[in-house]
Amino acid sequence: MHSPFPGMDPFLEAPDLWPDVHTRLIVGISDVLAEKLSPRFIVAVEQRLIVAEDDSPLAPGAIIPDLAVVTPARPGVTAPLDANYTAPTLIEPLPEPEVRERFIEIRDARTRRVVTIIELLSPANKTPGTPSAIAFERKRSVVFESRTHWIEIDLLRAGTRFEATAGKSDYCVLLKRGTDYRYAAWFIDLRDPLPTILAPTTADFGDVTLNLQQVFETAYARAHYADAVDYTRPVPPPPLPPADAAWVREQVRRWLDARQQPRDAG
(Lines give C-alpha, C1' and ligand atoms only; values in the text may rest on other atoms or scores of the structure.)
Protein backbone atom coordinates (compact mmCIF):
# COMPACT_ATOMS: atom_id res chain seq x y z
CA MET A 1 0.00 0.00 0.00
CA HIS A 2 1.15 3.54 -0.72
CA SER A 3 2.17 6.04 1.94
CA PRO A 4 -0.46 8.57 3.07
CA PHE A 5 1.59 11.28 1.36
CA PRO A 6 2.29 12.13 -2.29
CA GLY A 7 6.04 12.37 -1.73
CA MET A 8 8.29 11.96 1.27
CA ASP A 9 6.64 10.48 4.35
CA PRO A 10 7.60 12.63 7.38
CA PHE A 11 6.88 9.75 9.77
CA LEU A 12 9.83 7.86 8.26
CA GLU A 13 12.19 10.58 9.49
CA ALA A 14 11.97 9.12 13.01
CA PRO A 15 15.46 8.21 14.34
CA ASP A 16 14.43 4.61 15.01
CA LEU A 17 13.13 4.16 11.44
CA TRP A 18 15.54 6.21 9.37
CA PRO A 19 18.49 3.75 9.34
CA ASP A 20 16.26 1.12 7.72
CA VAL A 21 14.72 3.67 5.34
CA HIS A 22 18.19 4.93 4.40
CA THR A 23 19.45 1.45 3.60
CA ARG A 24 16.42 0.55 1.50
CA LEU A 25 16.58 3.80 -0.48
CA ILE A 26 20.31 3.45 -1.12
CA VAL A 27 19.82 -0.10 -2.39
CA GLY A 28 16.80 0.96 -4.47
CA ILE A 29 18.69 3.84 -6.08
CA SER A 30 21.68 1.64 -6.85
CA ASP A 31 19.46 -1.05 -8.39
CA VAL A 32 17.71 1.44 -10.68
CA LEU A 33 20.96 3.03 -11.80
CA ALA A 34 22.69 -0.31 -12.35
CA GLU A 35 19.96 -1.32 -14.79
CA LYS A 36 20.52 1.88 -16.77
CA LEU A 37 24.30 2.08 -16.62
CA SER A 38 25.55 -1.50 -16.89
CA PRO A 39 27.84 -2.66 -18.46
CA ARG A 40 29.53 0.68 -19.13
CA PHE A 41 29.55 1.65 -15.47
CA ILE A 42 29.67 -0.10 -12.11
CA VAL A 43 27.19 1.10 -9.48
CA ALA A 44 28.51 0.19 -6.04
CA VAL A 45 27.13 0.69 -2.54
CA GLU A 46 30.05 1.73 -0.37
CA GLN A 47 30.35 2.20 3.38
CA ARG A 48 32.50 4.45 5.52
CA LEU A 49 33.14 3.93 9.20
CA ILE A 50 33.59 6.97 11.42
CA VAL A 51 34.90 6.53 14.97
CA ALA A 52 34.09 9.37 17.34
CA GLU A 53 36.16 10.72 20.19
CA ASP A 54 34.80 9.90 23.63
CA ASP A 55 33.57 13.46 24.16
CA SER A 56 32.26 14.04 20.63
CA PRO A 57 28.50 14.39 20.15
CA LEU A 58 26.71 11.83 18.04
CA ALA A 59 23.31 12.21 16.46
CA PRO A 60 20.50 10.20 18.08
CA GLY A 61 20.30 6.74 16.59
CA ALA A 62 23.68 7.03 14.91
CA ILE A 63 25.56 4.60 17.16
CA ILE A 64 25.57 0.98 16.08
CA PRO A 65 26.02 -1.41 19.03
CA ASP A 66 27.84 -4.50 17.81
CA LEU A 67 29.95 -5.42 20.84
CA ALA A 68 28.80 -6.68 24.20
CA VAL A 69 29.98 -7.10 27.78
CA VAL A 70 29.43 -10.67 28.85
CA THR A 71 29.08 -11.43 32.56
CA PRO A 72 27.86 -14.47 34.44
CA ALA A 73 24.59 -14.11 36.29
CA ARG A 74 24.96 -13.65 40.03
CA PRO A 75 23.18 -16.30 42.05
CA GLY A 76 20.39 -14.93 44.16
CA VAL A 77 19.68 -11.89 42.02
CA THR A 78 16.00 -11.89 40.99
CA ALA A 79 16.05 -15.67 41.38
CA PRO A 80 12.81 -17.55 40.69
CA LEU A 81 11.02 -19.41 43.44
CA ASP A 82 12.42 -22.64 42.06
CA ALA A 83 16.19 -22.09 42.41
CA ASN A 84 17.13 -25.38 40.77
CA TYR A 85 18.25 -23.92 37.45
CA THR A 86 21.48 -23.32 35.58
CA ALA A 87 22.53 -19.70 35.86
CA PRO A 88 22.55 -17.97 32.44
CA THR A 89 25.18 -15.65 31.08
CA LEU A 90 24.03 -12.03 30.91
CA ILE A 91 24.93 -10.10 27.75
CA GLU A 92 24.93 -6.32 27.97
CA PRO A 93 25.11 -4.35 24.70
CA LEU A 94 28.10 -2.02 24.63
CA PRO A 95 27.69 0.70 22.01
CA GLU A 96 30.91 1.72 20.31
CA PRO A 97 31.12 5.37 19.22
CA GLU A 98 30.96 4.38 15.56
CA VAL A 99 28.88 5.66 12.68
CA ARG A 100 28.49 3.57 9.55
CA GLU A 101 27.25 5.40 6.50
CA ARG A 102 26.38 4.00 3.10
CA PHE A 103 26.66 5.90 -0.14
CA ILE A 104 26.79 5.12 -3.87
CA GLU A 105 29.66 5.37 -6.32
CA ILE A 106 29.31 5.19 -10.08
CA ARG A 107 32.60 4.01 -11.57
CA ASP A 108 33.82 3.66 -15.12
CA ALA A 109 33.90 -0.11 -15.69
CA ARG A 110 37.15 0.07 -17.71
CA THR A 111 39.23 2.57 -15.75
CA ARG A 112 37.50 2.15 -12.35
CA ARG A 113 37.51 5.94 -12.02
CA VAL A 114 34.74 7.31 -9.78
CA VAL A 115 32.61 9.53 -11.99
CA THR A 116 29.65 10.21 -9.66
CA ILE A 117 29.04 10.03 -5.91
CA ILE A 118 25.50 9.89 -4.51
CA GLU A 119 24.94 10.67 -0.84
CA LEU A 120 21.63 10.19 0.98
CA LEU A 121 21.91 12.28 4.12
CA SER A 122 21.46 10.91 7.63
CA PRO A 123 20.95 12.81 10.89
CA ALA A 124 24.65 12.44 11.73
CA ASN A 125 25.61 14.28 8.51
CA LYS A 126 23.37 17.18 9.51
CA THR A 127 24.39 17.56 13.15
CA PRO A 128 27.10 20.24 13.40
CA GLY A 129 30.23 19.26 15.25
CA THR A 130 29.80 15.50 14.95
CA PRO A 131 32.64 13.47 13.44
CA SER A 132 30.22 12.35 10.74
CA ALA A 133 29.29 15.92 9.78
CA ILE A 134 32.91 17.04 9.78
CA ALA A 135 34.00 14.10 7.62
CA PHE A 136 31.04 14.57 5.29
CA GLU A 137 31.68 18.27 4.76
CA ARG A 138 35.37 17.59 4.14
CA LYS A 139 34.50 14.96 1.55
CA ARG A 140 32.02 17.29 -0.15
CA SER A 141 34.64 20.05 -0.37
CA VAL A 142 37.20 17.71 -1.90
CA VAL A 143 34.75 16.38 -4.48
CA PHE A 144 33.61 19.90 -5.38
CA GLU A 145 37.20 20.68 -6.36
CA SER A 146 37.44 17.59 -8.55
CA ARG A 147 35.87 16.46 -11.82
CA THR A 148 33.67 13.93 -10.02
CA HIS A 149 29.93 14.63 -10.02
CA TRP A 150 28.17 14.96 -6.65
CA ILE A 151 24.51 14.25 -5.84
CA GLU A 152 23.27 15.01 -2.33
CA ILE A 153 19.75 13.82 -1.44
CA ASP A 154 18.30 15.33 1.73
CA LEU A 155 14.98 13.80 2.82
CA LEU A 156 15.24 15.00 6.42
CA ARG A 157 13.69 18.25 7.62
CA ALA A 158 15.81 18.35 10.79
CA GLY A 159 19.42 19.43 10.96
CA THR A 160 21.58 21.82 8.98
CA ARG A 161 21.76 22.00 5.21
CA PHE A 162 24.30 23.11 2.61
CA GLU A 163 24.32 26.91 2.56
CA ALA A 164 23.27 27.21 -1.10
CA THR A 165 20.05 25.27 -0.43
CA ALA A 166 19.34 26.04 3.24
CA GLY A 167 15.92 27.36 4.19
CA LYS A 168 14.35 27.04 0.76
CA SER A 169 12.25 23.86 1.14
CA ASP A 170 11.44 20.92 3.37
CA TYR A 171 13.58 18.52 1.34
CA CYS A 172 16.18 19.01 -1.34
CA VAL A 173 18.39 17.32 -3.92
CA LEU A 174 21.67 19.02 -4.83
CA LEU A 175 23.69 18.25 -7.96
CA LYS A 176 27.21 19.60 -8.46
CA ARG A 177 28.68 18.56 -11.78
CA GLY A 178 32.41 18.11 -11.94
CA THR A 179 32.39 20.13 -15.15
CA ASP A 180 30.40 23.13 -13.88
CA TYR A 181 30.96 25.58 -11.02
CA ARG A 182 27.21 26.07 -10.59
CA TYR A 183 24.80 24.01 -8.50
CA ALA A 184 21.58 22.43 -9.72
CA ALA A 185 18.89 21.88 -7.10
CA TRP A 186 15.48 20.30 -6.82
CA PHE A 187 13.51 21.90 -3.98
CA ILE A 188 10.79 19.69 -2.53
CA ASP A 189 8.11 20.57 -0.01
CA LEU A 190 6.13 18.17 2.13
CA ARG A 191 3.14 18.19 -0.22
CA ASP A 192 5.21 17.58 -3.37
CA PRO A 193 6.01 14.26 -5.02
CA LEU A 194 9.70 13.44 -5.12
CA PRO A 195 11.31 14.56 -8.38
CA THR A 196 12.91 12.69 -11.25
CA ILE A 197 16.48 13.94 -11.16
CA LEU A 198 19.49 13.67 -13.45
CA ALA A 199 22.48 11.49 -12.67
CA PRO A 200 25.47 12.60 -14.79
CA THR A 201 28.23 10.25 -15.90
CA THR A 202 30.87 10.87 -18.58
CA ALA A 203 30.66 13.36 -21.43
CA ASP A 204 30.21 10.68 -24.09
CA PHE A 205 27.58 8.70 -22.15
CA GLY A 206 25.65 11.64 -20.72
CA ASP A 207 22.97 11.77 -18.03
CA VAL A 208 20.44 9.19 -16.94
CA THR A 209 17.21 9.89 -15.09
CA LEU A 210 16.46 8.73 -11.57
CA ASN A 211 12.81 8.73 -10.47
CA LEU A 212 13.07 9.20 -6.72
CA GLN A 213 9.33 8.89 -6.18
CA GLN A 214 9.33 5.47 -7.79
CA VAL A 215 12.31 4.40 -5.69
CA PHE A 216 10.57 5.59 -2.54
CA GLU A 217 7.28 3.86 -3.33
CA THR A 218 9.06 0.59 -4.07
CA ALA A 219 11.00 0.76 -0.80
CA TYR A 220 7.84 1.66 1.14
CA ALA A 221 5.92 -1.30 -0.26
CA ARG A 222 8.72 -3.84 0.16
CA ALA A 223 9.35 -2.78 3.76
CA HIS A 224 5.61 -2.90 4.60
CA TYR A 225 5.90 0.47 6.31
CA ALA A 226 2.12 0.82 6.06
CA ASP A 227 1.91 -1.88 8.73
CA ALA A 228 5.02 -0.92 10.69
CA VAL A 229 4.49 2.83 11.17
CA ASP A 230 2.12 4.14 13.84
CA TYR A 231 0.44 7.04 12.05
CA THR A 232 -1.57 7.96 15.12
CA ARG A 233 1.58 9.31 16.78
CA PRO A 234 2.88 12.86 16.25
CA VAL A 235 5.15 13.60 13.31
CA PRO A 236 8.82 13.39 14.34
CA PRO A 237 10.60 16.71 15.00
CA PRO A 238 11.02 19.40 13.91
CA PRO A 239 7.46 20.69 14.41
CA LEU A 240 5.48 21.40 11.26
CA PRO A 241 3.94 24.79 10.51
CA PRO A 242 0.24 24.81 11.52
CA ALA A 243 -1.03 24.58 7.93
CA ASP A 244 1.20 21.62 7.14
CA ALA A 245 0.35 19.93 10.44
CA ALA A 246 -3.36 20.19 9.62
CA TRP A 247 -2.70 18.85 6.11
CA VAL A 248 -0.78 15.88 7.53
CA ARG A 249 -3.60 15.04 9.94
CA GLU A 250 -6.10 15.11 7.07
CA GLN A 251 -3.90 12.93 4.84
CA VAL A 252 -3.49 10.39 7.64
CA ARG A 253 -7.22 10.41 8.42
CA ARG A 254 -8.15 9.69 4.81
CA TRP A 255 -5.47 7.03 4.54
CA LEU A 256 -6.60 5.25 7.72
CA ASP A 257 -10.22 5.39 6.57
CA ALA A 258 -9.26 3.86 3.22
CA ARG A 259 -7.39 1.04 4.97
CA GLN A 260 -10.37 0.38 7.23
CA GLN A 261 -12.99 0.18 4.47
CA PRO A 262 -11.99 -3.20 3.00
CA ARG A 263 -11.97 -4.71 6.49
CA ASP A 264 -15.40 -3.28 7.23
CA ALA A 265 -16.70 -4.62 3.92
CA GLY A 266 -15.32 -8.05 4.69
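1. Contact here means heavy atoms within 4.5 Å. Leaving aside neighbours within four places in sequence, Thr 201 is in contact with Leu 37, Phe 41, Val 115, Thr 116, His 149, Gly 206 and Asp 207.

2. This is a predicted model, in which local features need pLDDT of at least 70 and side-chain atom pairs count only at pLDDT 80 or more, while totals for chains, interfaces and linings use all residues. Residues are numbered from 1 along each chain as its sequence is written, and side-chain values use heavy atoms, with hydrogens and water left out.

3. Thr 201 sits in the loop between strand 9 (196-200) and strand 10 (207-211). Strands (E, at least two residues) and helices (H or I, at least four) are DSSP runs, numbered from the N terminus. With a relative accessible area of 5%, Thr 201 is buried; buried means under 20% (1.4 Å probe, protein chains only). A polar atom of the Thr 201 side chain lies 2.5 Å from the backbone oxygen of Gly 206.

4. Which residues of strand 6 are buried on each side? His 149, Ile 151 and Ile 153 are buried on one side, and Trp 150, Glu 152 and Asp 154 on the other. In a regular strand the side chains alternate between the two faces of the sheet.

5. Strand 6 (residues 149-154) pairs with strand 5 (residues 114-120) in the parallel sense over five bridges; pairing requires at least two DSSP bridges between the strands. Ile 117 stands opposite Trp 150 in strand 6.

6. Strand 6 and strand 7 (residues 171-176) run antiparallel, joined by five bridges. Glu 152 has Leu 174 in strand 7 as its bridge partner.

Terms used
Buried < 20%, exposed > 50% of the residue type's maximum accessible area, 1.4 Å probe, protein only. Polar contact = N/O pair within 3.5 Å; in protein donor to acceptor, adjacent residues only side chain to side chain.
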